[in-house]
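Please look through the sequence and the structure below before reading on. The text after them is meant to be read with both in view.

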Amino acid sequence: MKALLAAAAIAIAGALALVASIVAADRTTAGSNTVTTTIDHGSMPGMTSAAGEPARSVSYAGTSVDNAEALAKAHRPYPAALPPVPAGNVAKVHMVLKDVTIEIAPGIKYAAWGFQGGVPGPIVHVRQGQVVQMTLTNGGAIPHSIDFHAARIAPNLAFVDVDPGKSFTFRFTANDPGVFMYHCGTKPVLAHIANGMYGAIVVDPKTPLAPAAKSYVLVASEWYLNAPGTGKPAQLDLNKARSATPDWATFNGYARQYVDHPLTADPGDLVRFYVVDAGPSLTTAFHVVGTILDKVYPDGDMTPGHELTGVQTFDVPAGGGAVFEVKIGQAGMYPFVSHAFASVDMGQVGILKVGNPKGSASH
Ligand code: CU
Ligand code: CU
């Protein structure tokens, strides 16, 4: 019996080694550490799963295409500037969910679920006390929903599944100021968030903060790929998502987009960052290289007197948000990062360009 088990173990090890060598031989563009391969069980669109089997996945971190630089330059960055608050007592928001192929890095395609045909979804900006009237139209293939962290409302009544082809409307009053995540809450939530169903809502406080020269919204998130995405679009690798081992990490859905297209400010400007970490699972350790965060409003609590001052790095947890203020006197290129540097390596870095500096940034 023992001999039989040993023989079986050797056979399994041999099979795994074979799979590993096939994957290694099959790699063309992925400059990554090959472990083994992923099994596609096709349990639902945009998802692979290997339930009941040993976790097996290959990392596509750092995959690069030949014309990456040109593609990065040509990419139209997600507009990070905070849009104005709509007039009136009711802010009407209508999102049409679409299954879309997006790019998450130069030449890296991903089959995403986009709240308004893109990732992240649109920035919602309201003032404290305003009513948000949210309509979600499901143009996708499976049920979806929308959960606002800014709302105090019974989830079973508001954050309900909307079937394909259907629309659903609910209202809530944005009574709590802050920067909050919104996301699809349909099960399995991990898959719906990992596929791009998230965004940020900013609720201005009744007692306004000092006016900022520039206000930027950054939604941090991770991507878990079942393929390099350089040929046909990658889909979700649920095993990677479960083990929180992403291939890419981004601000506003695309690796390093604000490195090639920096956010800007003038020397001495008050710059306010509204940061949401959509996750689904990693923390974003927000840090601006070359300066100190003058003010941090932890978890986006903008009540006067609740801010921290003189902070080097501040954690924004998955599902959380925080507001940051910097005022930079010296012209230069100031990278903003998640100081959990694995995330920078996977693409979660951008640049705040202050004035018209010479030279380039170091991160
Ligand atoms: Cu969804
Ligand atoms: Cu949530």
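The model is predicted. Strands of a sheet pair through backbone hydrogen bonds, in either a parallel or an antiparallel sense. Here, an open sheet is built from 4 strands in the order β3-β2-β5-β7, with mixed pairing. The edges of this sheet are taken by β3 (108-114) and β7 (167-173); each has a single partner strand, so one side of each lacks a neighbour in the sheet. On average, and with direction ignored, neighbouring strands of this sheet are turned by 30 degrees against each other.

One pair to look for is Ala105, whose bridge partner in β3 is Ile108.

Another place to look is strand β9, residues 198-204. Of its 7 residues, 6 are buried, so β9 is largely enclosed by the rest of the structure. Strand β4 (residues 124-127) runs parallel to β9 and is joined to it by 4 bridges. Strand β8 (residues 178-183) pairs with β9 in the antiparallel sense, over 6 bridges. Ile201 of β9 takes part in both pairings: it is the bridge partner of Val124 and also of Phe180.

The backbone is the next topic. Most peptide bonds are trans, and most residues other than glycine have a negative phi. The peptide bond between Val119 and Pro120 is cis, with omega about -5 degrees. Pro120 sits in the loop between β3 and β4. A cis peptide bond also leads from Lys187 to Pro188, with omega near -10 degrees. Pro188 belongs to the loop between β8 and α4 (189-194).

Ala244 is in the loop between α5 (238-242) and β12 (248-251), while Arg256 is in the loop between β12 and α6 (257-260).

Are these two residues buried, exposed or partly exposed? A residue counts as buried if 20 or more other C-beta atoms lie within 10 Å of its own, and as exposed if there are 12 or fewer. Ala244 has 14 other C-beta atoms within 10 Å, so this residue is partly exposed. Arg256 has 21 C-beta neighbours inside 10 Å and therefore counts as buried.

Notes:
Residues numbered from 1 in each chain as written. Chains lettered and ligands numbered in written order. Predicted model: local features only at pLDDT ≥ 70, side-chain atom pairs only at ≥ 80, totals over all residues. Pairing = 2+ DSSP bridges. Helix = DSSP H or I, 4+ residues; strand = E, 2+ residues; numbered from the N terminus. Axes fitted to C-alpha atoms, helices over the stretch in contact; angles between N-to-C directions.
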